[in-house]
Amino acid sequence: MKKKILFVLSVLFGLMFINSGLNKFLNFMPMPEDMPESLARLIAALTEIGWLLPLVGGVEVVAGLLFIIPKYRALGAVMMFPIMVGIMLTHTITDTSGLPVAAALFAINLWVIYENREKYMPMVQ
């Protein structure tokens with residue numbers, strides 16, 4: 001049962017980040033009009049950098065695809081971890097309205113990392 005739950009959560013997690021990554025390239029989801037000013041300034045600053053959002057979007061798409069495929073899920077989880085840390089920091093410091101969703105996604109990512117911990121052992125031995 002645990003494997004089925006993890007599979008469903010992994011597919012949903014992967015699809016969510018594929019969608020988010022593609023949005024950074026195609027801009028098909030409009031920005032909310034009631035966005036806090038601090039978050040709008042942060043997004044404007046990230047957009048100003050030019051190369052950062054396409055890099056994050058590319059990593060989100062690739063890691064999302066890897067997250068869906070069970071054989072490569074451990075790699076996708078490690079690729080997604082720094083992005084999840086950034087999302088958690090953003091929703092902790094800048095805009096706390098999205099914190100529950102960010103925390104749930106962060107927990108899924110940590111669960112997948114924990115479940116695949118034996119695959120990471122050669123890196124730390």
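What is the volume of the largest pocket? The largest pocket has a volume of about 1,400 Å³. The structure is a predicted model, in which local features need pLDDT of at least 70 and side-chain atom pairs count only at pLDDT 80 or more, while totals for chains, interfaces and linings use all residues. Residues are numbered from 1 along each chain as its sequence is written, and side-chain values use heavy atoms, with hydrogens and water left out.

The search for pockets rests on a simple idea. Rolling a probe the size of a water molecule over the atoms shows where empty space is left. Here the search runs on a 1 Å grid over the protein atoms alone; a pocket is an open set of points where a 1.4 Å probe fits, with protein on both sides within 12 Å along at least five of seven lines, and lining residues have an atom within 4 Å of a point. Grid points are joined across faces, edges and corners, and a volume is the space filled by probe spheres set on the points.

The lining of the largest pocket consists of 37 residues, and those nearest its centre are Ser20, Lys24, Ile43, Ile87 and His91. Two or more lining residues come from each of H1, H2, H3, helix H4 (73–94) and H5. These helices are DSSP runs of H or I, at least four residues long, numbered from the N terminus. By class, the lining of the largest pocket has 23 nonpolar, ten polar and four charged residues. In this division Ala, Val, Leu, Ile, Met, Phe, Trp, Tyr, Cys and Pro are nonpolar, Asp, Glu, Lys and Arg are charged, and the others, Gly among them, are polar.

A salt bridge is a side-chain nitrogen of Lys or Arg within 4 Å of a carboxyl oxygen of Asp or Glu, and the structure holds three of them. In one, Lys24 pairs with Glu60, with 3.1 Å between the closest N and O atoms. Because Lys24 lies in helix H1 and Glu60 in helix H3 (residues 52–68), the pair ties together parts that are 36 residues apart in sequence. The residues are described by their relative accessible area: buried means under 20%, exposed over 50%, and partly exposed in between (1.4 Å probe, protein chains only). Lys24 counts as partly exposed at 27%, whereas Glu60 counts as buried at 3%.

Another salt bridge joins Lys2 and Glu115, whose closest N and O atoms are 3.3 Å apart. This pair links distant parts of the chain, 113 residues apart, with Lys2 in helix H1 (residues 2–26) and Glu115 in helix H5 (residues 99–115). Lys2 is partly exposed, with a relative accessibility of 47%, and Glu115 is partly exposed at 24%. A further salt bridge is formed by the side chains of Arg41 and Glu37, 3.3 Å from N to O. Arg41 and Glu37 both lie in helix H2 (residues 37–49), four residues apart, which is about one turn of the helix. Both Arg41 and Glu37 are exposed.

Helix H1 gives the largest share of its lining, four residues. By class, three residues of this lining are nonpolar, one is polar and five are charged.

Phe17 is found in helix H1 and is buried, with a relative accessible area of 4%. Its C-alpha atom is separated by 8.6 Å from that of Leu65, 48 residues away along the chain. Val11, also in helix H1, is partly exposed at 21%. The C-alpha atoms of Val11 and Gly64 are 8.4 Å apart, although 53 residues separate the two in sequence.

The tour ends on the surface. Leu22, Phe25, Leu26, Phe28 and Met29 form a nonpolar patch with about 470 Å² of accessible area together. Such a patch joins nonpolar side chains (Val, Leu, Ile, Met, Phe, Trp, Tyr) within 5 Å, from residues with over 30% relative accessible area and no salt bridge. Accessible areas come from the Shrake-Rupley method with a 1.4 Å probe, and for residues only the protein chains shown count as cover. Leu26 belongs to helix H1 and is exposed at 58%. Asn27 lies in the loop between H1 and H2 and is exposed at 61%. Most residues other than glycine have a negative phi. Asn27, however, has a positive phi, near 50 degrees.

Terms used
Patch = residues over 30% accessible without salt bridge, like charges linked within 9 Å, V, L, I, M, F, W, Y side chains within 5 Å.
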